[in-house]
Amino acid sequence: MAIKMYYDKDIDTQILKQKTVAVIGYGSQGHAQAQNLRESGFKVIVSDVEGSDNYKLALKHGFKPRSAEKASAEADIVQILLPDEIQKKVYHESIEKNMTAGKALVFSHGFNIHFNQIVPPENVDVYMVAPKGPGHLVRSQFEAGAGVPSLIAIYQDATGQAKSLALAHASGIGAGRAGIIETTFKEETETDLFGEQAVLCGGVTELIKSGFQTLVDAGYQPEIAYFECLHEMKLIVDLFYRGGISGMYYSVSDTAEYGGMTRGPRLIDATVQHKMKEILREVQDGTFAEEWIHENQTGRKVLTEKRREHAELLIEKTGKKLRNMMAWLQKDA
């Protein structure tokens with residue numbers, strides 16, 4: 001079934017202009033979405049921890065940050081843009097008591113709703129507006145007169161207006177300029193977690209580490225292995241980003257194209273896809289969510305140890321030395 005795309009011309013934003021939107025968390029997505037909504041003509045209030053860097057940034061941007069409890073009490077629409085692992089605590093301590101009939105609870109990622117960490121009252125709307133890009137891109141594209149494509153999803157439609165509110169909300173952050181796609185909390189959450197684990201963060205990192213170690217074990221200099229297996233990854237990712245797989249292969253040499261097309265499938269074969277399916281099942285049946293929640297409840301011991309292990313890797317030590325030679329990276333830091 002073909003997806004339906006929504007653009008600004010399809011959306012009546014008046015429904016949201018009658019509401020007050022509270023953005024809880026003024027981090028990457030919070031600062032971008034709050035400013036974009038305000039400049040689109042919506043009434044926006046924000047919340048972050050008093051004295052924190054995000055709190056100071058909100059002041060600098062002309063907001064008067066409140067506590068989560070006060071912001072959620074004043075608002076009709078409460079958007080939680082906090083890290084997944086603290087959303088449940090903040091919701092129960094400061095927000096839940098203020099979610100009265102007819103209000104709406106909004107997320108940009110479905111983890112806490114899909115895995116029942118937050119169970120909203122039945123008489124409030126629950127929807128998602130999820131830009132497919134980091135906050136700085138959401139903001140910079142909006143300022144440039146463009147937008148970042150976004151997803152919307154409806155988990156609970158108590159008022160009969162949840163979808164209209166979600167579309168107006170997405171339009172307000174600039175997504176209607178690029179295109180809005182409707183999904184579900186289940187689809188967004190499960191595909192997001194799978195992508196992070198199997199491809200974007202876990203898969204790519206382990207591929208880079210294995211390639212680096214293969215070259216070093218064969219006697220090549222770590223510095224050369226770093227350039228070939230990690231540093232040049234950005235070149236390839238940028239080509240993927242702009243033109244997909246065919247665009248990447250069009251831009252590299254014929255030698256690289258032939259070698260990649262004939263050797264890549266030998267490396268990433270059916271056994272890898274079988275393991276990907278196992279990881280997807282762990283996401284779908286809640287095994288990963290249960291593990292991650294337990295990890296946070298027990299002091300993050302595994303994550304702390306994994307971070308220590310990665311800091312000690314030869315590829316990390318080699319990269320730190322080489323990056324000091326790259327003036328443009330020092331400038332960007």
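## Basis

The model is predicted: local features need pLDDT of at least 70, side-chain atom pairs count only at pLDDT 80 or more, and totals for chains, interfaces and linings use all residues. Residues are numbered from 1 along each chain as its sequence is written, and side-chain values use heavy atoms, with hydrogens and water left out.

## Packing of α11 and α17

Helices here are DSSP runs of H or I with at least four residues, numbered from the N terminus. Helix α11 (residues 222-231) packs against helix α17 (residues 314-323) at an angle of about 90°, and their axes are 9 Å apart. Axes are lines fitted to C-alpha atoms over the stretch in contact, and angles run from 0 to 180 degrees between N-to-C directions. The two helices α11 and α17 are therefore roughly perpendicular (65 to 115 degrees).

In contact terms (heavy atoms within 4.5 Å), α11 contributes P222, E223, Y226, F227 and L230, which meet L314, I315, T318, G319, K321, L322 and R323 of α17.

## Burial of α8

Helix α8 (residues 162-172) is mostly covered, with 9 of its 11 residues buried (under 20% relative accessible area, 1.4 Å probe, protein chains only). Among the buried residues are L165, L167 and H169. Just after α8, G174 has a positive phi of about 100°.

## Residue E93

E93 belongs to helix α5 (residues 84-95). With a relative accessible area of 45%, E93 is partly exposed (between the buried limit of 20% and the exposed limit of 50%). E93 and E69 are 24 residues apart in sequence, and their C-alpha atoms are 8.1 Å apart.

Technical notes
Angles under 35 degrees count as roughly parallel, over 145 as roughly antiparallel, 65 to 115 as roughly perpendicular and the rest as oblique.
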